[in-house]
Protein chains: 2
Amino acid sequence: MSNRDDIVSKLKASGVTPTTQRVEIAQILFARPQHLSAEQILKMVNQESSSTASKATIYNTLGLFAKKGLVKEVIVDPSKVFYDSNVSKHFHFYNIDSGELTDIPADAIHIDKLPNLPQGTESSGLEVIVRIKNS
Amino acid sequence: MSNRDDIVSKLKASGVTPTTQRVEIAQILFARPQHLSAEQILKMVNQESSSTASKATIYNTLGLFAKKGLVKEVIVDPSKVFYDSNVSKHFHFYNIDSGELTDIPADAIHIDKLPNLPQGTESSGLEVIVRIKNS
DNA sequence: TTATCCTGTTAGACAAAGTCTAGAAAACAA
DNA sequence: TTGTTTTCTAGACTTTGTCTAACAGGATAA
């Protein structure tokens, strides 16, 4: 998933026009399963990459990727959103001391009872976060 | 839990000196089980209450209450932290369209398998958030 | 009573994430 | 080529939250 053509195909397959900036951002995100904040990606694009992208483009692009299901927003840190390049079902450990976010495989948690949703609503995702601290 | 003396006792029982501002904030929070943001509480204190409190005091106080286990921080909205006056075990629905946060009783969700924690860490809370949208 | 301490409160400056706007640049179609 | 649409950009702006340095007020000691 790291070569440019694969990234371009992936974007097209999700209905995202593969512009220079979007491909740059996608290449960073999809290099491996990881959790990055918008500001981290902004720095990475403007250091590691050949081309650059503005703050507005980073935010717009991440919002677009999230809407198209290419990445998943993870809200565990009150100060910033993480974008998870792994969109398959899984959960998270969040270390409140280090700020580190790590994956819990889907099969490591089993939920055998869930509530009915409120009238007039539908599910948009189930999140399980195990907050941990250094002992 | 709404009269002043009960609030004062509650604070003392948690090792919190019951100052004027803290009691004001606690009275608002513990009037009923609810989810309020710091900015909401700031407005409420300076409108509804006899006394007032500054922004810094609101944030300091909510941080103190959270540390003492009087309230629980709920992180579901990327733009603000909610303070939950119900600290007993329960989970949350979060409506991404309305921003509304509602409770799921503890017994409506059953988790029968949980992962081992990473080496050198201990649990600091299990969160389950069911994100919903209007259908 | 007065001085001293300690805790808590305050205004306002500051920081950081994220949004918005208006114009420039690409991309594309005719 | 020209016109139209989409994307990108700088930078102003907003909001939540933090920090600092001064101040207030109660308890205590002399």
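Which residues in H3(A) meet which residues in H4(A)? From H3(A) come A:Ala38, A:Glu39, A:Ile41, A:Leu42 and A:Val45, and from H4(A) come A:Lys55, A:Ile58, A:Tyr59 and A:Leu62. By class, this contact of H3(A) with H4(A) has seven nonpolar, no polar and two charged residues. The model is a predicted one.

**Chain A in outline**

- Chain A has four helices and seven strands.
- Read from the N terminus, the order of elements in chain A is α-α-β-α-α-β-β-β-β-β-β.
- Along the principal axes, the C-alpha atoms of chain A fill a box of roughly 50 × 40 × 25 Å.

**Helix packing in chain A**

- Helix H3 of chain A covers residues 38-48, and helix H4 of chain A covers 55-67.
- The axes of H3(A) and H4(A) lie 10 Å apart, and the two helices pack at an angle of about 125°.
- The crossing of H3(A) and H4(A) is right-handed.

**Helix packing in chain B**

- Helix H1 (residues 4-13) of chain B crosses H2(B) at roughly 110°, and their axes come within 10 Å.
- H1(B) is therefore roughly perpendicular to H2(B).
- On the side of H1(B), the contact is made by B:Arg4, B:Ile7, B:Val8 and B:Leu11; on the side of H2(B), it is made by B:Arg22, B:Val23, B:Glu24, B:Ala26 and B:Gln27.
- Five nonpolar, one polar and three charged residues make up the contact of H1(B) with H2(B).
- Helix H2 (residues 20-29) of chain B also packs with helix H3 (residues 38-48) of chain B, at an angle of about 110° and with the axes 10 Å apart.
- This angle makes H2(B) roughly perpendicular to H3(B).
- H2(B) and H3(B) pass each other in a right-handed crossing.
- B:Ile25, B:Ile28 and B:Leu29 of H2(B) meet B:Ile41, B:Met44 and B:Val45 of H3(B).
- The contact of H2(B) with H3(B) consists of six nonpolar residues, with no polar and no charged ones.

**The largest pocket**

- The volume of the largest pocket is about 730 Å³.
- Its lining has 27 residues, and those nearest the centre of the largest pocket are A:Lys72, A:Glu73, A:Ser124, A:Glu127 and B:Arg131.
- In chain A, helix H4 (55-67) and the strands S2 (72-77), S3 (80-84), S4 (90-95) and S7 (121-134) each give at least two residues to the lining of the largest pocket.
- S7(A) supplies the largest share of that lining, six residues.
- By class, the lining of the largest pocket has 14 nonpolar, six polar and seven charged residues.

**The second largest pocket**

- The second largest pocket has about 390 Å³ of volume.
- It is lined by 15 residues, with A:Ile96, A:Arg131, B:Lys72, B:Glu73 and B:Ser124 nearest its centre.
- Elements from both chains supply at least two residues each to the lining of the second largest pocket: S2 of chain A, and strands S2 (72-77) and S7 (121-134) of chain B.
- S7(B) gives the most to this lining, with four residues.
- Eight nonpolar, two polar and five charged residues form the lining of the second largest pocket.

**Cavities**

- How many cavities of 30 Å³ or more does the structure hold? It holds two.
- Lining the largest cavity are B:Lys72, B:Glu73, B:Val74, B:His90, B:Phe91, B:His92, B:Leu126, B:Glu127 and B:Val128.
- S2, strand S4 (90-95) and S7 of chain B are the elements that give two or more residues to the lining of the largest cavity.
- The lining of the largest cavity divides into four nonpolar, two polar and three charged residues.

Note on methods: Residues are numbered from 1 along each chain as its sequence is written. Chains are lettered from A and ligands numbered from 1 in the order in which they are written. This is a predicted model: local features need pLDDT of at least 70, side-chain atom pairs count only at pLDDT 80 or more; totals for chains, interfaces and linings use all residues. Side-chain values use heavy atoms; hydrogens and water are left out. On a 1 Å grid over the protein atoms alone, a cavity is a set of points where a 1.4 Å probe fits but cannot get out, and a pocket is an open set with protein on both sides within 12 Å along at least five of seven lines; lining residues have an atom within 4 Å of a point. Grid points are joined across faces, edges and corners, and a volume is the space filled by probe spheres set on the points. Ala, Val, Leu, Ile, Met, Phe, Trp, Tyr, Cys and Pro count as nonpolar, Asp, Glu, Lys and Arg as charged, and the others, Gly among them, as polar. Axes are lines fitted to C-alpha atoms, for helices over the stretch in contact, and angles run from 0 to 180 degrees between N-to-C directions. A crossing is left-handed if the near helix is turned anticlockwise from the far one by less than a right angle, and right-handed if clockwise. Contact means heavy atoms within 4.5 Å. Angles under 35 degrees count as roughly parallel, over 145 as roughly antiparallel, 65 to 115 as roughly perpendicular and the rest as oblique.
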